[in-house]
Structures are given as C-alpha cells and as structure tokens.
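Hi,

Here is the structure I said I would pass on.

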Amino acid sequence: MKVIGIGDLVVDYYFEGNIFKGICGGMTSFNVISHLAPNFETYAYGVVGNDLEGEIAIKSLEDIGVNTNYIKKVKTSTRCFYINADKENKIYTSKKSCPICGEKKWYETTKMDSKVPINLLSKDSILILDTINKVNLEIVDRFRKKESKIILDMGQVGNFKYLTQSEILDKLSNR
C-alpha cells in the first residue's frame, strides 16, 4: 500500500512570544504521511520553492523515511507558515507573515501539476489531500479511475469553513 501526500510543501516557523523556537516542514497532508512513514510506504507529490526553506521541507520528510522523489522544485519561494505559542494563556496563532519582520512567503494558487506519475496510481494507493482546488480535483479524478482511496483533511480548508455538512457533501459529490 502506498500513502501519498499531495500539495505545495510548506515550512513552519515556531515562536514562543517573539522568541524563535524552531523550523520544520509542514502542511497537513505531509504531516499525516510523516506519522505514517515508519509503518507504510509513503510518498510526497508536490512542489517546493528553490530556496533554503524548500531544502528544509524536503529534508524534514526524508529524515523520517518519506519518499521525496516526486517533489518538484519551482522558481518561487517556499510557502511559510508562522506559528506562535502563548503557553501561559494557552493561545496558539498561525499566520502567513512573520511576526518579527512582517515578510510574507505565501501564495494562494498551487504551483503543482496534476499529472501524477503513473507508478503512484494504483488500487492500493491512499491519497491524502488538505485542500480542494482545481488541480487537486484533477488528481482525485486520476486516482479514482484506479479505484484508489482518497482522504481529505478539512481542518484548514477555508472555503468549507462556514458550510453545513450537507453543503460540503453536495460539493464533494461524485468525487
């Protein structure tokens, strides 16, 4: 069985107050496969910027055994997410711009190609997505033709945030 995370790779910067605490690869679909890597054959399919953050995102996955051969480097900055923990008040915030310098390394439209390599498409594949967009829906269609399982983590899917369960199911019908 192959478990495949799909998407544009992200690097998470962690802060406590304004004190930098650490950095590692992120994004829900890749976080899921990173937890599965010790027990399953895991792959990352997506894109990353051709910068230091891109190298960190790839290395974060490689270090835990995820196959990163299907990550393409593109001419852009890697998307970065900034997570700040106020442990005293138990408040955690996440933003798309740095809390110290205000720089934003984020883009909304995926840079990923929907042409997933044929060797990843199989009946025993499990595809993990963390957002719905045109490219991901094209990828879903390719996996469905092979009768693969498809999992959507909707924790950060903003366009579903205020929909009822029946409205979500209606949007996802036939997918």
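**What I found**

Strands β1 (residues 2–8) and β4 pair in the parallel sense, with seven bridges between them. Within β4, Ala44 has Gly5 standing opposite. Keep in mind that this is a predicted model.

β4 has another partner too: strand β5 (residues 67–74) runs parallel to β4, and six bridges join the two. Here Tyr45 stands opposite Tyr70 in β5. If you trace the chain through this part, β4, helix α2 (residues 52–62) and β5 make a right-handed β-α-β unit.

So how much of strand β4 is buried? Eight of the nine residues of β4 (residues 41–49) are, so the strand is largely enclosed by the rest of the structure.

Stepping back to the whole protein, there are four helices and nine strands. Going from the N terminus, they come in the order β-β-β-α-β-α-β-β-β-β-α-β-α. The radius of gyration is 17 Å, close to the 16 Å that the globule rule gives for 175 residues, so the protein is as compact as a globular protein of that length. The C-alpha trace spans about 50 × 40 × 30 Å along its principal axes, and 43% of the 175 residues count as buried. If you take the contacts between residues at least 6 apart in sequence, 64% join residues at least 24 apart.

Arg144 counts as partly exposed because its relative accessibility is 40%. Its C-alpha atom is separated by 25 Å from that of Thr164, 20 residues apart along the chain.

Cheers

Note on methods. Residues are numbered from 1 along each chain as its sequence is written. This is a predicted model: local features need pLDDT of at least 70, side-chain atom pairs count only at pLDDT 80 or more; totals for chains, interfaces and linings use all residues. Side-chain values use heavy atoms; hydrogens and water are left out. Buried means under 20% relative accessible area, exposed over 50%, partly exposed in between (1.4 Å probe, protein chains only). Two strands pair if DSSP finds at least two bridges between them. A crossover is right-handed if, with the strands pointing away from the viewer, the path from the first strand over the helix to the second runs clockwise. The radius of gyration is taken over C-alpha atoms; the globule rule is 2.2 Å times the number of residues to the power 0.38. Contact means heavy atoms within 4.5 Å.
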